[in-house]
Amino acid sequence: MKVTDYFKNSQGQTFVSYEILPPVKGKGMEEIFNTLDPLMEFKPPFVDVTYHREDYIYSENESGYFEKVAIRKRPGTVGICASIMHRYGVDAVPHLICGGFSVDETENALIDLNFLNINNVLALRGDARHLEDKFIPEPGGHKYALDLVKQIDAMNKGKYLDSNIADGAKSDFCIGVAGYPEKHFEAPNLETDIKWLKKKIDAGADYIVTQMFFDNEKYFAFVDACRKAGIDVPIVPGLKPITKRYQLGTIPRKFFINFPEPLVKAMMKAKGSRIKEVGTEWCIQQSKELKERGVPCLHYYTMGDVETTRKICEAVY
Ligand code: FAD
């Protein structure tokens, strides 16, 4: 079933959904099952699986020189989605990115997803590789998520890259895209970012999942601004509990978001196991308020931390 159909038929209920990462290469599906088994009790209609492109690292060779080597640390998104759907009977949403894909490779990936009856996809651009200072599209690949949305929408209409294909099989993808309550770091301002977000919706995207945020007011203001800009699709809040003090520095650096002062103060004051409790409690309060305000779904970035995610779900559901 499509993500948006769950929302349409929700009768006002706020769903829960989880986002998981593929295991690092060399690890098996048990890692995913160990995360999801204890969380299934809260009946998520869908689970997202992130995509991690090949990246470069510098590795020392036998002569002592450093050379650039390509590695793909976490392969496997599509296979994991199929496996989740088979084991739990829920829908799985693979993240599909522009980075590392030519448009032909994207088309082939979409065809595979369609054959597997995976009808939901989160369409993203992807980030720059670690050794590059800006996002560089694959030769013959998409530059923005907008172009990826357009390609998926075209396939939904039976249009393939090869214009000789007449009467092409129509896929039926429900397309999610990313939104940023505190704006995407490359956007000059929130208004411009929302203008591009609207273009993704106009091109065929069906719903939005937000970047994590720790101040609900940022989410509510973002939703208001989207509605004013004419975006009328569901906007799913993405949530992540902060569980370690050092994340006060790493999360803003990596995700370009702010922590509210009361949370910072409480995290700085807490000691030992209290640190994790403070972050978890904050996420519980955020979740409760969002649920009360009738959001369609609470989407948790689990990062493999099943214990904390479970604690939050127990308190909220
Ligand atoms: P876009 O929508 O393309 O936007 C990128 C920037 O360009 C923005 O600043 C926007 O304002 C601007 N822009 C957009 N369109 C245009 C245009 N046509 N012309 C000019 N400017 C434009 N990354 C992964 O690698 N794998 C994942 O699985 C993954 N999952 C994610 C899930 C969520 C919910 C979120 C919020 C992010 C995720 N990311 C993931 C990270 C994401 O790939 C990065 O944030 C990336 O930098 C931007 O992706 P986007 O799809 O928002 O890009």
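Mentor: Let us begin with a pair of helices. Two packed helices are described by the angle between their axes and the distance between the axes. Here, the axes of helix H6 (residues 190–202) and helix H7 (residues 216–228) cross at roughly 60 degrees and come within 10 Å. Helices (H or I, at least four residues) and strands (E, at least two) are DSSP runs, numbered from the N terminus. Axes are lines fitted to C-alpha atoms, for helices over the stretch in contact, with angles from 0 to 180 degrees between N-to-C directions. This is a predicted model, in which local features need pLDDT of at least 70 and side-chain atom pairs count only at pLDDT 80 or more, while totals for chains, interfaces and linings use all residues. Residues are numbered from 1 along each chain as its sequence is written, and side-chain values use heavy atoms, with hydrogens and water left out.

Trainee: Which word describes how H6 and H7 lie to each other?

Mentor: H6 and H7 are oblique to each other; angles under 35 degrees count as roughly parallel, over 145 as roughly antiparallel, 65 to 115 as roughly perpendicular and the rest as oblique.

Trainee: Which residues of H6 and H7 meet?

Mentor: Leu190, Ile194 and Leu197 in H6 meet Phe222, Ala225 and Cys226 in H7, where contact means heavy atoms within 4.5 Å. The residues of this contact divide into six nonpolar, no polar and no charged (Ala, Val, Leu, Ile, Met, Phe, Trp, Tyr, Cys and Pro count as nonpolar, Asp, Glu, Lys and Arg as charged, and the others, Gly among them, as polar).

Trainee: At what angle do H10 and H11 pack?

Mentor: Helix H10 (residues 273–292) packs against helix H11 (residues 306–316) at about 40 degrees, and their axes are 9 Å apart. H10 and H11 are therefore oblique to each other. Among the residues that meet are Lys276 and Ile284 in H10, and Glu307 and Ile312 in H11. This contact of H10 with H11 holds five nonpolar, three polar and five charged residues.

Trainee: How is empty space found?

Mentor: Rolling a probe the size of a water molecule over the atoms shows where empty space is left.

Trainee: What lines the second largest pocket here?

Mentor: Its lining includes Tyr51, Arg72, His95 and Phe101. E5 gives the most to this lining, with three residues. The lining of the second largest pocket has eight nonpolar, three polar and one charged residue. A pocket is an open set of points on a 1 Å grid over the protein atoms alone, where a 1.4 Å probe fits, with protein on both sides within 12 Å along at least five of seven lines; lining residues have an atom within 4 Å of a point.
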